[in-house]
Amino acid sequence: MIRLEGITKRFGAAGKPSVDDVTIEMPEGTTTALIGPSGCGKTTTMRMINRMIEPSAGRIFIEGQDVTRLDPVTLRRRIGYVIQQIGLFPHMTVAENIATVPRLLGWTKGKTEERIDELLALVGLEPERFRSMMPHRLSGGQRQRVGVARALAADPPVMLMDEPFGAIDPIARERLQDEFKEILKRVRKTIVMVTHDLDEAMKMGDRVAIMRDGRLIQYATPDEILAAPADSFVEAFVGPDRALKRLSLRSVDALMRPGSVADAPAIASGASVREALARLIGSGARSVNVHGADGAVLGHVTRDAILDGADAAA
């Protein structure tokens with residue numbers, strides 16, 4: 001768990017605070033997305049957690065320990081960090097990049113090598129193929145996967161992700177978001193992610209913290225924010241299509257009925273209700289069949305059920 005208690009950051013003795021008295025509790029094993037307009041303080045807030053920026057006031061707790069009293073270098077070795085620019089060491093192989101923190105912590109060679117292979121497999125890169133590659137031979141998506149593997153190498157309880165998908169092209173970005181969301185469920189880390197993309201925040205975050213002018217305006221689940229914005233600023237920030245965005249957060253599985261429908265288009269189990277509605281509109285069909293990972297039909301969802309859900313969300 002991460003708890004920020006009244007953290008404030010002033011640049012200059014009498015300067016206006018860029019982060020002003022922010023208190024947030026982030027439960028263990030959850031992802032919190034920090035979002036808001038440029039200059040709202042979201043990146044400063046995240047960077048105070050690993051003390052890349054020192055708070056002017058307030059306290060920061062990780063797993064009950066006040067990290068403002070720890071040696072900053074020791075602290076950072078306990079926190080994984082993934083950035084937009086990826087930041088792999090260009091003169092090191094993939095394996096050497098991933099091994100950076102384990103080596104600093106004095107892990108044995110055998111333990112380190114085992115961890116490298118485990119993490120490459122976790123992020124979808126074949127160890128035999130990728131461990132000896134140099135970063136310049138990797139695609140942007142592959143480099144980002146290696147960056148996540150490196151951040152996870154020493155099994156830190158906390159990961160900070162600063163615009164982690166910002167440098168990836170839009171098509172690859174959506175796929176990586178889906179894959180990393182599944183990875184993060186399996187590794188059960190407490191994640192703090194900064195993003196400027198509202199759809200990404202709503203998709204990746206178990207909770208979303210919306211900031212403005214250094215202050216925390218609303219901190220809640222994506223569905224709670226879309227259903228009940230805290231004020232007119234949040235309402236304008238999330239946009240007029242809140243009901244449609246809420247459909248993106250809901251799985252077709254929740255609306256599924258038994259049996260299959262002949263000649264109906266298919267959609268994967270776990271897909272969003274919004275995806276199902278788009279498939280139905282595009283095909284002109286009245287129902288969509290929901291398929292499991294093995295291709296078997298698990299059930300179907302009707303257009304009426306989706307539209308009834310949309311009315312309830314509005």
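Here's a quick briefing on helix packing and ring contacts in this model.

It's a predicted model, where local features need pLDDT of at least 70, side-chain atom pairs count only at pLDDT 80 or more, and totals for chains, interfaces and linings use all residues. Residues are numbered from 1 along each chain as its sequence is written, and side-chain values use heavy atoms, with hydrogens and water left out.

**H7 and H8**
- The axes of helix H7 (residues 140–152) and helix H8 (residues 170–187) come within 12 Å and cross at roughly 15°; axes are lines fitted to C-alpha atoms over the stretch in contact, with angles from 0 to 180 degrees between N-to-C directions.
- H7 and H8 are therefore roughly parallel to each other (angles under 35 degrees count as such).
- On the H7 side, Gly141, Gln144, Arg145, Val148 and Leu152 meet Arg175, Leu176, Glu179, Phe180 and Val187 of H8 (contact means heavy atoms within 4.5 Å).
- By class, that contact of H7 with H8 has five nonpolar, two polar and three charged residues.

**H12 and H13**
- Helix H12 (residues 242–249) and helix H13 (residues 273–283) have axes that come within 5 Å and cross at roughly 105°.
- That makes H12 roughly perpendicular to H13 (65 to 115 degrees).
- Leu244, Lys245, Leu247 and Ser248 from H12 meet Val273, Arg274 and Leu277 from H13.
- Sorted by class, the contact of H12 with H13 has four nonpolar, one polar and two charged residues.

**Charges over rings**
- Lys111 has its charged end over the ring of Trp107, 4.1 Å from the ring's centre (the cut-offs: NZ of Lys or CZ of Arg within 6 Å of the ring centre and within 35 degrees of the ring normal).
- Arg150 puts its charged end over the ring of Phe89, 5.2 Å from the centre.

Note on methods:
Helices (H or I, at least four residues) and strands (E, at least two) are DSSP runs, numbered from the N terminus. Angles under 35 degrees count as roughly parallel, over 145 as roughly antiparallel, 65 to 115 as roughly perpendicular and the rest as oblique. Ala, Val, Leu, Ile, Met, Phe, Trp, Tyr, Cys and Pro count as nonpolar, Asp, Glu, Lys and Arg as charged, and the others, Gly among them, as polar.
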